[in-house]
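Thanks for asking for a second pair of eyes on this one. Please have the model open as you read.

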Amino acid sequence: MRSMLSVSLLALMAAPAFAQQHDHGAHPSAPQPSAPAPAPPPAGQDDHAGHTPPQTQEAGPHRHHDMAEDMKSEGHDGHAAAAHAMRGALGPYPSSREASGTAWQPDASRHGGVHLRAGEWTLMGHALLNGVYSSQDGPRGDDKAFLSGMVMGMAQRPLGAGTLQLRTMLSPDPFMGKAGYPLLLASGETADGVTPLVDRQHPHDFFMELSASYSVPLAPDTSLYLYGGLPGEPAFGPPAFMHRMSIMDSPEAPITHHWLDSTHITFGVVTAGITHRNVKIEASRFNGREPDEKRYDIETAPLDSTAVRLSWNPNANLSLQASWADLKSPEQLEPGEDETRWSASGIYTRDLGDGKWWSATAAWGRRDKDHGSLDALVLETAVGLNAWTLFGRAEYTENDELLSEDGHHGDTYRVGKASIGVIRDFEVAPSVKFGIGGLYARNFVPAALEPLYDGDPAGAMAFVRLKVD
């Protein structure tokens, strides 16, 4: 663990000195000493995605050095082209395809980081820290100032015939306190091990990911990989919300979080998968219990739950997934109740040129319990216009936790939420940006809940952001 944390800190501290080496790929990629070149894109792939498809690459460390020099000389466009030409950690495809855990996103994605070389290692550092003030209206609302975000570090190198990757992700969320922050219609987890959090978003654990993966090529267009984390992310759902380009600029957690991606912090997970061209199938065994209210520790439990995910990127702009998970005793306050989850999603991302881009996500999730099924839907979109980013989200959930007081779920209510926001970034140093933003949200509840919420209450957030990218 100490070595992985050192990698993260080294990458971030070295950001100013190596600012000319950063790119917008989702993950770094070390050269493969003997790995075959990526397969050409399939027939019908969109050639207007705004990026360079993977080309035949010369193997070995000298090729990576040449790409770094190209990035220095070609500026922003050179960064993007080099990032998309680099190989992913889990297979022979562009590294920009890789998102949180082992999830995929469109190849055209612009998720970034600051990169540098240390011998055989390729290192990456990334940080996004939000200072937020949340104000939620109505008798169940509240106001609070808090810090959220993540600090991330990765290290990758060739090892034998394959590629080894180590990853660390840390969160400042525990500093906001055990009760999290006010967010109407949100529910899940507990502040003290006794009382459920309702109309509040729980803090994420300080250790969001400590993981390792190893992949080996089976053919020029096929690879096999193994991923493990304590904590890590099992093969379920789309990329976690703080990694989705369509909404990652919003500091507001989705109320659909516990349908789609609450498993993204799992204390114990092992995933095996195979990729073939633009298709990936993978399966996980993991600890199905949600993290407890102790946000700074490392938890252990049997790997008693299972997840399976099928992913397909039909072209450079689109990423699709369908997944299933069987969770044993996921909720701390209902230890005897198991749950089955289903998810399907599509992410579309397009580079519009001249520093502009657009990304959208549509996702569905279902939670099957002993006493019935609960569905959730989310639509997200964001547009980048150089220094400005506009984002919005619409959500629907069937929630049986809104009137819970002792951890036992009650009646199910259909509720919704819509939010829209904007952020303006200012570059204060190479690879460092300071942003100022805000968002407005409207919550929608059925007539039975209107007396408790005083109608359809509003919520708003004002925030500043520091981004090392």
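This is a predicted model: local features need pLDDT of at least 70, side-chain atom pairs count only at pLDDT 80 or more; totals for chains, interfaces and linings use all residues.

The notes below go from confidence, through the cavities, to a handful of individual residues.

1. Residues are numbered from 1 along each chain as its sequence is written, and side-chain values use heavy atoms, with hydrogens and water left out. The pLDDT is the predictor's confidence in each residue, from 0 to 100. The chain averages 84, and 81% of the residues score at least 70. Over residues 1-85 the pLDDT is below 50, and this stretch has 180 contacts in the model beyond near neighbours in sequence (a contact means heavy atoms within 4.5 Å).

2. Rolling a probe the size of a water molecule over the atoms shows where empty space is left. A cavity here is a set of points, on a 1 Å grid over the protein atoms alone, where a 1.4 Å probe fits but cannot get out, and lining residues have an atom within 4 Å of a point. Grid points are joined across faces, edges and corners, and a volume is the space filled by probe spheres set on the points.

3. What lines the largest cavity. Strands (E, at least two residues) and helices (H or I, at least four) are DSSP runs, numbered from the N terminus. Strand S2 (121-136) and strand S3 (143-159) each supply at least two residues of this lining, with S3 giving the largest share, three residues. By class, the lining of the largest cavity divides into 11 nonpolar, eight polar and two charged residues. For these classes, Ala, Val, Leu, Ile, Met, Phe, Trp, Tyr, Cys and Pro count as nonpolar, Asp, Glu, Lys and Arg as charged, and the others, Gly among them, as polar.

4. The second largest cavity. This one holds about 140 Å³ of space. Of the 16 residues that line the second largest cavity, the closest to its centre are Gly188, Glu189, Pro196, Glu331 and Leu333. Strand S5 (181-190) and strand S6 (196-201) are the elements that give two or more residues to the lining, and S5 gives the most, with four. The lining of the second largest cavity has five nonpolar, seven polar and four charged residues.

5. Glu189 lies in strand S5 and has a phi near 65 degrees, a positive value in a residue other than glycine. Glu189 counts as buried because its relative accessibility is 12% (buried means under 20% relative accessible area, exposed over 50%, partly exposed in between, with a 1.4 Å probe and protein chains only). Asp192, in the loop between S5 and S6, is partly exposed at 43%. The side chain of Asp192 reaches the backbone nitrogen of Val194 at 2.9 Å.

6. His126. This residue lies in strand S2 and counts as buried, at 1% relative accessibility. Its side chain reaches the backbone oxygen of Val468 at 3.3 Å. His126 and Met154 are 28 residues apart in sequence and 8.9 Å apart in space, C-alpha to C-alpha.

7. Asp351. Where does Asp351 sit? It is found in strand S13 (residues 339-353), and at 17% relative accessibility it counts as buried. A polar contact of 3.3 Å joins the side chains of Asp351 and Arg110 (a polar contact is a pair of N or O atoms within 3.5 Å; within protein, one must be able to donate a hydrogen and the other to accept it, and residues adjacent in sequence count only if both atoms are side-chain atoms). The Asp351 side chain also reaches the backbone nitrogen of Gly353 at 2.7 Å.

8. Backbone points to check. Most residues other than glycine have a negative phi, and most peptide bonds are trans. Ser431 has a positive phi of about 70 degrees, and Leu230 and Pro231 are joined by a cis peptide bond with omega about 5 degrees. Ser431 is in the loop between strand S17 (413-429) and strand S18 (432-444) and is buried, at 8% relative accessibility. Pro231 is found in the loop between strand S8 (222-229) and helix H3 (257-260).

Definitions and conventions:
On a 1 Å grid over the protein atoms alone, a cavity is a set of points where a 1.4 Å probe fits but cannot get out, and a pocket is an open set with protein on both sides within 12 Å along at least five of seven lines; lining residues have an atom within 4 Å of a point.
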